[in-house]
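I opened a new page to look at how parts of this structure meet. The sequence and the structure come first.

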Amino acid sequence: MSEQQLHMTPDKPVGIIGYGSYVPRYRLAAKEVARVWTGGKGGLPIKEKSVPGLDEDVVTMSIEAARNALARACISPQDIRAVWVGSESHPYAVKPTSTLVAEAIGAVPHTQAADWEFACKAGTEAFVAAMGLVGSGMGKYALAIGMDTAQGKPGDALEYTAGAGGAAYIVGPAEDSLARVNATYSFVTDTPDFWRREYQKYPEHGMRFTGEPAYFKHISEAATTLMHSIGTTAKDYKWAVFHQPNTKFPQKVAGQLGFSLEQIQPGLLVPVIGNTYAGAAMIGLTGVLDIAEPGDRILMVSFGSGAGSDAFDIEVTDKISERRNLAKKTGEYIARRTEIDYATYVRYRGKLAMK
Amino acid sequence: MEIARHWRLKQQRYGLVGEVCPHCDHKIFPPRDVCPNCGDEAKEPFNFSGQGEVFSFTTIYEAPAGFEANAPYTVALVKLDEGPMVTAQLTDLGEQPVEIGMPVEMVTRKMRNDGDERGVILYGYKFRPVLAGLR
Amino acid sequence: MEEILITGVGQIPAGEHWDSSLREMGAKAVRLALQNAGNPEPQALFVGNMLSMNISNQAHLATLIADRADLVGIEAATVEAGGASGGAAIRQAVLAVKSGLVDCAIALGVEKFTDKAGGELESALATNMDGDFEAMQGLTTTSQAAMLMQRYLMQYKAERSAFAGFALNAHKNGAGNPNAMFQKAIKADTYLKAEMVSEPLNMFDIAPFVDGAAAIVLTRSSLYKGSAQPVKVSASALSTDTLSLHDRVDVLEFRSVARCAQKAFDQAGLRPGQINLFEYDDQFGIFAALALEATGFCERGQAWKMALEDEIGVGGRLPCATFGGNKARGFAGGATGIYQAVEAVLQLRGDAKANQVPGATHAMIQGIGGPGSTCVSHILSKMES
């Protein structure tokens, strides 16, 4: 491979103009899943996961996160030139989530709209594209959303963690931003660690194969390549956010990359909301932005099965303090919780066989 | 299927877009193009804040066809901050008791399918208790 | 002076008519009314019906019933005004006969509820609301009444038990009505222990949905040849309010009722105090309360006290629901308004037997569509001999 700059930066500097998250109200404890499927035996990957209500899906959750992002951005929705929603649980097989979200927030009709798919990194993929659209000068603002109501087969390891939630980001000119996005880098290979075939309700996964060759390989490569390329080390970052399918993986990869548990703590939400798939890294970042100080540098690395990772170098500006209080904070959504039992969860998630 | 019927109402349904009377500033929802306050033409769109309070409420156990999967659910007359009253479901109640005067905020949610699960999903406004510390 | 007379009445029992269809029930009531009137030759048939298009997928109902009743060739049309359909059909008959264009008209009310049940019935009933802004929210007619009741209890600081009087009176009177669905009095305790339907509204705050049909025959006094003492229509009025509760300035004021009642009193030259019995629309107890208040029989917030203190009993200050009302006779949709007319005529003729209101001279009958969205009122009076 010829010598080239591996990290990517747009022509015009870009940043996060507004961000917003959403977590549904209901929680299913991992020990409740264990009670039903293993007689309560075995270790638990998280404490509890969020469960969407009967009237929620990726559309409704994206709308709420987008409204929060708009409230912080203080811009007219008419100035948004792209509405991109990354998810692996779009309500329709054919018919975009994005047009509905765009309509609900008042961004239609002069906007691009598309749904993105790449397992758990569909959201950050949309984010990279938004950087490109804004950074090239094609449009002033782009909305990138990562949101999921993740599916886990009853009894499967994924059922303990498959949660619901995500975040929305309005990307725009760096000078108006709450946080500049200095650079990004993506690392992608064909690695079948997790997949769902057409017409299948639940995904399949490679069990132990999902670890080393998939999650750890891609996140590490993306993070180290980005940091090496722009000349940073773990110590340059106040905070880091990694894709979080369970509590252990992000902690372990953080250690491997030289990050402390303190650095990942504000963005490590998986123990209390579960794995929100396309929303996971992006909602983790909202947890950080909710408490970050101007000047704080943040490394975010997503991971999507199949497989790939997008890494971002982000720097908080002084606009964060005035604008983050203009919408609901992620911690407030997390604190709003009603615990449900497995039976209610089965009903809420449409797992009851009616025919 | 009633595709066009619901499509033409999407702005009202998704975003609580009503009207404001250019003559007397009266806020109108649902839109009716004529101001109920002064009787003049009022077609200017107005985005409601979605903030309001419960004026009255009850719970439905025997739901109409298409809504059974969500039963029991709570419905309310919600008095919007800008004046008008709307009929709407309350959602995300958890175990939270509802009372007259309770502050609520608009959210966009799934209402029902148009027909069965092969039909389009109809989305619209509902209200939920205001999240703690945000009002 | 030329008067509009009711010369014949007919009704079939209100209840579950599993083996009868709309046309059979309707035709039977028409035949009974014509017989009762001495078999005149009617020229027009107005059919009050609420939901045949939804429940039975049957439009063009008046022609179907005219056909079945051996009246082919007659003028016939269906009148729909929600729960006020029956009264609205009477009003059309009154207008037709009074105009001189029709000499003898039949007002029939017929409803078939039992062909649908559960969610499908709720859906059909919900077509009476604003489809886009009420029914779309999953609202039911019962929940509308429950929200009114909730607000009423709060606003007037009344206890949950405040509405017992309406149910107790209805069931007591139903016991004397062989055409009623429920012919048994209930105890106060039964009311209090009744199953909750939609808080705070319980089983006894809501009338049962029944099949039913009733008919009356109308003509002008100059054409009347019979010897029996007929009943005259002293007033006929219909008024509307906003369709939706949420568009009202004051939801606890049934303004359609107030407007309609005022028109009726003015036409008849009567005051509320001169009405001897009131057949209100108690599809829900709260409707009865709000109707009593809006009609002017008591102050706002006081109707429940009138009911609890038995002022609405057959021997009370203002006897109401004298044959059991919707609560005990049963709510038969578009037939309800005609059942009320039949019952009032029996009272005015002195044929009410156990339920006879002594000295009944003026009876007011009133139908309500939606939560007071439409109101139709008639005052029927004994002809001075």
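**Entry 1: chain A against chain B**

I noted at the start that the model is predicted. I looked up the contacts and found 26 residues of chain A touching 29 residues of chain B. The two chains bury about 2200 Å² between them, and carbon and sulfur atoms give 49% of that area. On the chain A side, Arg25(A), Asp55(A) and Glu103(A) supply 24% of the buried area, more than any other three residues.

I then checked the charged pairs. The interface of chains A and B has six salt bridges. I looked at the one between Lys328(A) and Glu105(B), with N to O at 3.3 Å. Helix H2(A), residues 58–73, gives the largest share of the chain A side, five residues. By class, I read that side as eleven nonpolar, two polar and 13 charged residues.

**Entry 2: the two domains of chain C**

I found 43 residues of domain 1 in contact with 36 of domain 2. The buried area is about 2800 Å², 66% of it on carbon and sulfur atoms. Ile6(C), Gln11(C) and Phe209(C) supply 22% of what domain 1 buries, more than any other three residues.

I looked for salt bridges between these domains and the count was zero. Ten residue pairs are in polar contact. Strand E1(C), residues 4–11, gives eight residues, the largest share of the domain 1 side. That side has 24 nonpolar, 15 polar and four charged residues.

Key: Residues are numbered from 1 along each chain as its sequence is written. Chains are lettered from A and ligands numbered from 1 in the order in which they are written. This is a predicted model: local features need pLDDT of at least 70, side-chain atom pairs count only at pLDDT 80 or more; totals for chains, interfaces and linings use all residues. Side-chain values use heavy atoms; hydrogens and water are left out. Contact means heavy atoms within 4.5 Å. Buried area is the accessible area (1.4 Å probe) that two parts lose on being put together, summed over both. A salt bridge is a side-chain nitrogen of Lys or Arg within 4 Å of a carboxyl oxygen of Asp or Glu. Helices (H or I, at least four residues) and strands (E, at least two) are DSSP runs, numbered from the N terminus. Ala, Val, Leu, Ile, Met, Phe, Trp, Tyr, Cys and Pro count as nonpolar, Asp, Glu, Lys and Arg as charged, and the others, Gly among them, as polar. A polar contact is a pair of N or O atoms within 3.5 Å; within protein, one must be able to donate a hydrogen and the other to accept it, and residues adjacent in sequence count only if both atoms are side-chain atoms.
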